[in-house]
Amino acid sequence: MKTSSIHGMWSSRLAFVLAATGSAVGLGNIWRFPYITSENGGGAFVLIYLGCILLVGLPVMFSEIVIGRRGRMSPVNSLRELSDAVGASRAWMGLGFIGIIAGFLILSFYSVVAGWTLHYGFLYIKELFGAPGITDPDATFGSLLGNAGQLTFWHGVFMLMTVGVVALGVEKGLERAVGILMPMLFILLLILLAYGVSTGHFWDAARFLFQPDWSQVSTGMFVTALGQAFFTLSLGMCAIMTYGAYLPAHVNIPRVGTAVAASDTVVALIAGLAIFPVIIAFGIDPGSGGAGLIFTSLPLAFAQMPFGIFYGALFFLLLSVAAWTSSISLMEPATAYLVEATNLSRKTAALLIALMGWLLGLATVFSFNIWSEVTIGDKNLMGAIEFVATDIMLPVGGLLTALFAGWVLSKTITKEELDDKMPDWAFKAWLWLTRIVTPMLILWVMASILGFL
Ligand code: PHE
């Protein structure tokens, strides 16, 4: 059994928890969760999403960390080594490749949206220094989307920030940044939550988020909720598997996995409870949706709050940081693989991936302006990339991960990795979820995408 990885190691249990939480908490919680919840009518969708976190997310989270730590390489090669070790087919390496491609597709649009948050951060900073503020949030957002040059610039800045950290490796930079900045973002969310309460619409928001209207439920909702569960927990594309490869041997996987999943869920729910009161208070339909939701609603709140401009700057900059610690993990699996498979240095490998991600991201940039007419089905280019990567590839990746950990790896290996001292019932619960429940749920949702159900 290998005790370390050639790519580096987390210095402690806390370092892993911070890095994995940094990966999980990002635009998925604060940008994507509110906007797709809005599009899916609230309550019922949120409960289905929470069910997916529990029944699919947690078991897959444990599985990814187990596979990563046992293999200690990039996903592709960890899967090769483990398959060899148990005499399974090397075709399982395919899971690693699916992960790398999904991560790459997600990185391409993620970086563009993170660019929006950077742009908003700087708008507020300029306002602090006396520039005119955002008086008409719809117009501000619309003009940003219409400006391909500006979008490309911020997308480029964000990609450079990401590649900077990935090129340096896991120990430096990453651990330190996450430890300070993530708690700050959380405090800021609590301040926004307090503002949300002060609008007098907290309970309306809570009702929208948690009171299910089961008559609204559609199969599409299950597809989106499952995709979001994977997206927000960074699962199904081997990111957590890769981080697991750098996890010291003594760390208890169920404990850290649960901590990461719980923090991620709490942040998403607090973001929802902070943002929806504002939406309702300003007379916006909470079901109006759209990828611009937080960019058009939150500036209304910042315009009214005492010190609102300051909070606005801080909020969007911290959100950029949250996105940053996530995009690093989107780039890491592909980089680790390139380093293993070629004789490129980590720096060159990371630069190559960033350049390709940036180029592909231009499809997302143009989907809002010069190519806004181009559609695939009912989606624009960004929507199509987001759908294929998040709602299709992540669940397929998650399914294969669960099958590999549950059926292919021996029980001796999984038990040893999860924790020798884990009570038997808990191990059995994980095993049967991973073997049966999780795969069945994913297959059922996938079948509904294909129109079989
Ligand atoms: N979990 C991240 C977020 O919620 C996005 C992400 C997805 C990161 C997949 C890594 C892998 O923003």
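1. Helix H17 (residues 411-418) is the leading contributor to the lining of the second largest pocket, supplying three residues. In this predicted model, that pocket has a volume of about 260 Å³. It is lined by 15 residues, and Arg-69, Ala-249, His-250, Glu-416 and Glu-417 are the closest to its centre. The lining of the second largest pocket comprises eight charged, four nonpolar and three polar residues.

2. The largest pocket has a volume of about 470 Å³. Its lining consists of 20 residues, with Tyr-35, Glu-39, Lys-379, Gly-383 and Glu-386 nearest the centre. At least two lining residues come from each of H2, H10, strand S2 (379-380) and helix H16 (381-408); the largest share, five residues, belongs to H16. By class, this lining has eight nonpolar, six polar and six charged residues.

3. Two or more residues of the shell around the ligand are given by each of helix H1 (13-24), helix H2 (27-39), helix H10 (219-232) and helix H14 (308-341). The shell contains no charged residues; seven are nonpolar and eight polar. Of the 15 residues around the ligand, those that come nearest are Ala-24, Gly-28, Tyr-110, Phe-231 and Ser-234.

4. A polar side-chain atom of Tyr-110 is 2.4 Å from a ligand oxygen atom. A backbone N or O atom of Ala-24 lies 2.9 Å from an oxygen atom of the ligand, and a polar backbone atom of Ser-23 is 3.1 Å from a ligand nitrogen atom. Taken alone, the ligand exposes 330 Å², of which the protein buries 100%.

Key. Residues are numbered from 1 along each chain as its sequence is written. This is a predicted model: local features need pLDDT of at least 70, side-chain atom pairs count only at pLDDT 80 or more; totals for chains, interfaces and linings use all residues. Side-chain values use heavy atoms; hydrogens and water are left out. A residue is near a molecule or strand if one of its heavy atoms lies within 4 Å of it. A polar contact is a pair of N or O atoms within 3.5 Å; within protein, one must be able to donate a hydrogen and the other to accept it, and residues adjacent in sequence count only if both atoms are side-chain atoms. Accessible areas come from the Shrake-Rupley method with a 1.4 Å probe; for residues, only the protein chains shown count as cover. Helices (H or I, at least four residues) and strands (E, at least two) are DSSP runs, numbered from the N terminus. Ala, Val, Leu, Ile, Met, Phe, Trp, Tyr, Cys and Pro count as nonpolar, Asp, Glu, Lys and Arg as charged, and the others, Gly among them, as polar. On a 1 Å grid over the protein atoms alone, a cavity is a set of points where a 1.4 Å probe fits but cannot get out, and a pocket is an open set with protein on both sides within 12 Å along at least five of seven lines; lining residues have an atom within 4 Å of a point. Grid points are joined across faces, edges and corners, and a volume is the space filled by probe spheres set on the points.
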